[in-house]
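Trainee: Could we go through this model together? I would like to begin with one of its pockets.

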Amino acid sequence: MLTYGFIGLGNMSTAIIKGMIASGDILPEQIYGMNRSFNKTTQLAEQFAIQPKTSIVEVMKSSDVIIIGVKPQNLEEVLPIIKENMNEQHIIVSIAAGKSLEYLEQHLQTTRPIFRIMPNINAVVCASTSCYSTNSSNEEAKHIVENIFNKVGTIVELPESLFSTFTSIGCASPAFTYLYIDSLARAGVKEGMSKEMALKIAASSVLGSAKMILESNHHPWTLIDQVCSPGGTTIRGVTELQHNSFESTIYKAVQAVSERDAELNNK
């Protein structure tokens, strides 16, 4: 039975632990965790019945899969301890933003599988869109890691060269979508609907639209054509969005995120 060790118990690690346990496939007894603030460790142990540890060394000794959930700026002090305590069974998973596989390999100097994962904030509700890249061709290790993150949403393998693009359309896009939903709701308020009702309708509509794209096998424009009757109301709204550069604004937002991500990675 595999065991899982979390080094750092911030919001993302907490969301992943919640999803793992909620799946019913992984027991709390299989999950170990430590945080710089032991109060956080105690809190999660009480909430999810995971096994609390007081040090990285204790987590390493107890776990097969090591999930590094510390802030990127803290990696340099954490990685040497991980390196010193690695064994032949360990699989290393990093969810630290902006730190490449090359960086992890240089600091860990191991032949063990290393995975770089990018989840997004929707992991909190088990609906993350995540991607990973790895230095390993070990299919069993890939299956183990995919199994973890499938419990908080979906995950795809990507070349690391596409991580910057994923940052834009997979990690930043929830903020874009939240903004879109809020704008729809505020438009509803402008037309006389309560904000609470307008938010519920807008969010449900976006959820259903995403489900339609994923499950219908139709291109988005085909679905747009199905909704737009000749001379109708929806086509009037669609053409207004196009007239006001809706699509090109999205392109520019994605480009801005990618450029900033590149700047951060080059620091």
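**The second largest pocket**

Mentor: The second largest pocket has a lining of 28 residues, and Gly-10, Ser-13, Gly-69, Val-70 and Lys-71 lie nearest its centre. On a 1 Å grid over the protein atoms alone, a pocket is an open set of points where a 1.4 Å probe fits, with protein on both sides within 12 Å along at least five of seven lines, and lining residues have an atom within 4 Å of a point. This is a predicted model, in which local features need pLDDT of at least 70 and side-chain atom pairs count only at pLDDT 80 or more, while totals for chains, interfaces and linings use all residues. Residues are numbered from 1 along each chain as its sequence is written, and side-chain values use heavy atoms, with hydrogens and water left out.

Trainee: How much space lies in the second largest pocket?

Mentor: About 680 Å³; a volume here is the space filled by probe spheres set on the grid points, which are joined across faces, edges and corners.

Trainee: Which element gives the most to the lining of the second largest pocket?

Mentor: Helix α1 does, with 4 residues. α1, α4 (75-84) and β6 (114-118) each supply at least two lining residues. Helices (H or I, at least four residues) and strands (E, at least two) are DSSP runs, numbered from the N terminus.

Trainee: How do the residues of that lining divide into nonpolar, polar and charged?

Mentor: There are 17 nonpolar, 8 polar and 3 charged residues. Ala, Val, Leu, Ile, Met, Phe, Trp, Tyr, Cys and Pro count as nonpolar, Asp, Glu, Lys and Arg as charged, and the others, Gly among them, as polar.

Trainee: Changing topic: which residues of α2 are buried?

Mentor: In α2 (residues 38-48), they are Thr-41, Leu-44, Ala-45 and Phe-48. Buried means under 20% relative accessible area, exposed over 50%, and partly exposed in between (1.4 Å probe, protein chains only).

Trainee: Why are they on the same side of α2?

Mentor: Because they cover an arc of only 105° around the axis, the arc being that of the directions from the helix axis to the C-beta atoms. An α-helix has 3.6 residues a turn, so residues three or four places apart point the same way.

Trainee: And what covers the buried residues of α2?

Mentor: The cover includes α1 (11-22), β2 (31-34) and β3 (51-52). The face turned away from the buried side carries the exposed residues Asn-39 and Glu-46. Just after α2, Ala-49 takes a positive phi of about 65°.

Trainee: Where are Gln-109 and Cys-126?

Mentor: Gln-109 is in the loop between α5 (101-108) and β6, with a positive phi near 45°; at 59% relative accessibility, it is exposed. Cys-126 lies in the loop between β6 and β7 (128-134). Its phi is positive, about 55°, although Cys-126 is not a glycine, and it is partly exposed at 32%.

Trainee: Is Asn-120 buried or exposed?

Mentor: Asn-120 is buried, at 3% relative accessibility. It is in the loop between β6 and β7, and its contacts (heavy atoms within 4.5 Å) include Met-12, Ser-128 and Pro-174, not counting residues up to four places away in sequence.
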